[in-house]
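Here is a friendly briefing on side-chain contacts, meant to be read with the model open beside you. Take a look at the sequence and structure first.

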Amino acid sequence: MEIMRCENLSKVYQTGESRVIALNGVSLSLTQGSFTAITGRSGSGKSTLLHLLSGLDHPTSGRVFYQGAELYRYRDNQLSVLRRRRFGFVFQSYNLVRELTGWENILLPVMLDSRRADEAYLNQLVDLLGIRDRLSHLPGAMSGGQQQRVSIARALANKPALLFADEPTGNLDGRSGREVLTLLRQVNRELGITLVLVTHDLNVAEQADRIIQLEDGQVARDSGVMQA
């Protein structure tokens, strides 16, 4: 079942006389529960595509649909609520609040949404991610891998339908990166969350069900599309 698609998606950045085409007419569809890796060289448009699919940035042209509804027809406040409730985000730099403990960071999206935490579900996440002994620690007292695990738990706290991960292993050593990737794969399989992961690392991309390779803002290869 399709959960998201984009049609002729483009993004152009204009600064004075300079015009940069970051994304150029990309169309694709994502299946519910799938794991898709978006890869390509630096500047290929992969992070731009993730930001447009997830509603973090507006396209210059083209459309994005989530469960049949056009994303950019929502008002800004409606789009913010949709992102908070239905999309989860994991970034390379973790983006944890330094003054909050691991548990408080995990609870943050639920609190911002003025909702009651599903503690049974959150405890399931904590055990799945192996961070129970880090919950009372501030981020400064955690390793990079532990911080990324907490950020994954935070991204999943509101039970999102889609998890967007932008270079989630980029700041980690080889072992921690492999552990985080395994956990993301486990979340995708066990919780049925659609995972979209941006990476420049082909070893990471190869763990996905589908690889979309971008070059110069266009799809150069898509392992999920049958070639003629």
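The notes below cover aromatic pairs, charges over rings and salt bridges.

This is a predicted model, in which local features need pLDDT of at least 70 and side-chain atom pairs count only at pLDDT 80 or more, while totals for chains, interfaces and linings use all residues. Residues are numbered from 1 along each chain as its sequence is written, and side-chain values use heavy atoms, with hydrogens and water left out.

**Aromatic pairs**

- You will find 4 aromatic pairs in the structure; rings of Phe, Tyr and Trp (its six-membered ring) pair if their centres lie within 6.5 Å, and planes under 30 degrees apart count as stacked, over 60 as edge-to-face and the rest as tilted.
- Tyr 66 and Phe 87 make an edge-to-face pair, because their ring planes stand at 85°, with the centres 5.3 Å apart.
- This pair ties together parts that are 21 residues apart in sequence, since Tyr 66 lies in strand β4 (residues 61–66) and Phe 87 in strand β6 (residues 87–91); strands are DSSP runs (E, at least two residues), numbered from the N terminus.
- Tyr 66 and Phe 87 are both buried, where buried means under 20% relative accessible area, exposed over 50% and partly exposed in between (1.4 Å probe, protein chains only).
- Phe 87 also pairs with Phe 164: the centres are 5.4 Å apart and the planes at 80°, so this pair is edge-to-face.
- Phe 164 belongs to strand β7 (residues 162–166) and Phe 87 to strand β6, so the pair ties together parts 77 residues apart in sequence.
- One aromatic cluster is formed by Tyr 66, Phe 87, Phe 89, Phe 91 and Phe 164.

**Charges over rings**

- Arg 5 lies over the face of Phe 65, 4.1 Å from the ring centre; a charge sits over a ring if NZ of Lys or CZ of Arg is within 6 Å of the ring centre and within 35 degrees of the ring normal.
- Over the ring of Tyr 121 sits the charged end of Lys 159, 5.0 Å from the centre.

**Salt bridges**

- The structure holds 16 salt bridges, each a side-chain nitrogen of Lys or Arg within 4 Å of a carboxyl oxygen of Asp or Glu.
- Glu 7 meets Arg 5 in a salt bridge at 3.1 Å, N to O, and Glu 7 also meets Arg 63, at 2.9 Å.
- Arg 63 is in strand β4 and Glu 7 in strand β1 (residues 2–15), so their bridge ties together parts 56 residues apart in sequence.
- A network of salt bridges links Glu 2, Arg 5, Glu 7, Arg 63, Glu 70 and Arg 73.

Technical notes: Helix = DSSP H or I, 4+ residues; strand = E, 2+ residues; numbered from the N terminus.
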